[in-house]
Amino acid sequence: MTCNCKTEISEKFLEKVKADIPESTNHSLEMTAYSFVLDGNRMELRGYMPVEIKHTLKNKKTGLDRVKKEKTSVLFTFCPFCGVRYKEEQGESA
Ligand SMILES: [Zn+2]
């Protein structure tokens with residue numbers, strides 16, 4: 001992780017949740033659209049956008065159409081909060 005947005009935003013968000021629901025205790029939250037990815041030989045925490053793919057497949061035997069749904073995700077190249085590039089490019093000087 002190149003920046004601290006996940007931690008900082010989680011902390012601020014949790015403070016807001018506590019203020020919004022003062023009658024409850026043991027508030028917690030988790031920003032779930034983050035995943036560890038292997039970058040070279042090190043693990044890096046990166047944000048991602050869940051993607052749902054939908055397509056109609058014709059069954060070869062019956063000829064009937066069947067809607068098929070698949071789930072995947074797109075990794076962010078830049079932090080969606082502060083715009084910092086997650087991965088430092090080797091030899092890039094910009
Ligand atoms: Zn950030």
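Q: Is Asn-26 buried or exposed?
A: Exposed. In this predicted model, Asn-26 has a relative accessibility of 74%. The cut-off for exposed is over 50%, so Asn-26 counts as exposed.

Q: Where does Asn-26 sit?
A: Asn-26 lies in the loop between H1 and strand E1, which covers 34-39.

Q: How far apart are Asn-26 and Arg-85?
A: In space, 34 Å from C-alpha to C-alpha. In sequence, Asn-26 and Arg-85 are 59 residues apart.

Q: Switching to the metal. Which residues hold the zinc ion?
A: The protein donors are Cys-3, Cys-5, Cys-79 and Cys-82. Each gives its SG atom. They lie 2.2 to 2.3 Å from the zinc ion.

Q: What's the geometry of the zinc site?
A: Tetrahedral. The angles among the four donor atoms run from 106 to 112 degrees.

Q: What's the ideal angle for four tetrahedral donors?
A: For four tetrahedral donors, the ideal is 109.5 degrees.

Q: How are the zinc donors spaced in sequence?
A: The pattern is C-x1-C-x73-C-x2-C. Cys-3 and Cys-82 link distant parts of the chain, 79 residues apart.

Q: Where are Cys-3 and Cys-82 relative to the helix and strands?
A: Cys-3 is in the segment before helix H1 (5-20). Cys-82 is in the segment after strand E3 (65-75).

Q: And Cys-3, buried or exposed?
A: Buried. Its relative accessibility is 12%.

Q: What about Cys-82?
A: Cys-82 is partly exposed, at 40% relative accessible area.

Q: Back out to the whole protein. How many helices and strands?
A: There is one helix, and there are three strands. Along the sequence they follow the pattern α-β-β-β.

Q: What's the radius of gyration?
A: The protein has 20 Å. A compact globule of 94 residues would have a value near 12 Å.

Q: And what does the C-alpha trace span?
A: About 55 × 50 × 20 Å along the principal axes.

Q: How many of the residues count as buried?
A: Of the 94 residues, 18%.

Q: Last one. What share of the contacts join residues at least 24 apart?
A: That share is 38%, among contacts between residues at least 6 apart in sequence.

Methods: Residues are numbered from 1 along each chain as its sequence is written. This is a predicted model: local features need pLDDT of at least 70, side-chain atom pairs count only at pLDDT 80 or more; totals for chains, interfaces and linings use all residues. Side-chain values use heavy atoms; hydrogens and water are left out. Donors are N, O and S atoms within 2.8 Å of the metal (3.2 Å for Na, K and Ca); water is not among the atoms, so sites may look incomplete. Four donors count as tetrahedral if all angles lie between 85 and 135 degrees; four count as square planar and six as octahedral if opposite donors are over 155 degrees apart and all others between 65 and 115; anything else is irregular. Helices (H or I, at least four residues) and strands (E, at least two) are DSSP runs, numbered from the N terminus. Buried means under 20% relative accessible area, exposed over 50%, partly exposed in between (1.4 Å probe, protein chains only). The radius of gyration is taken over C-alpha atoms; the globule rule is 2.2 Å times the number of residues to the power 0.38. Contact means heavy atoms within 4.5 Å.
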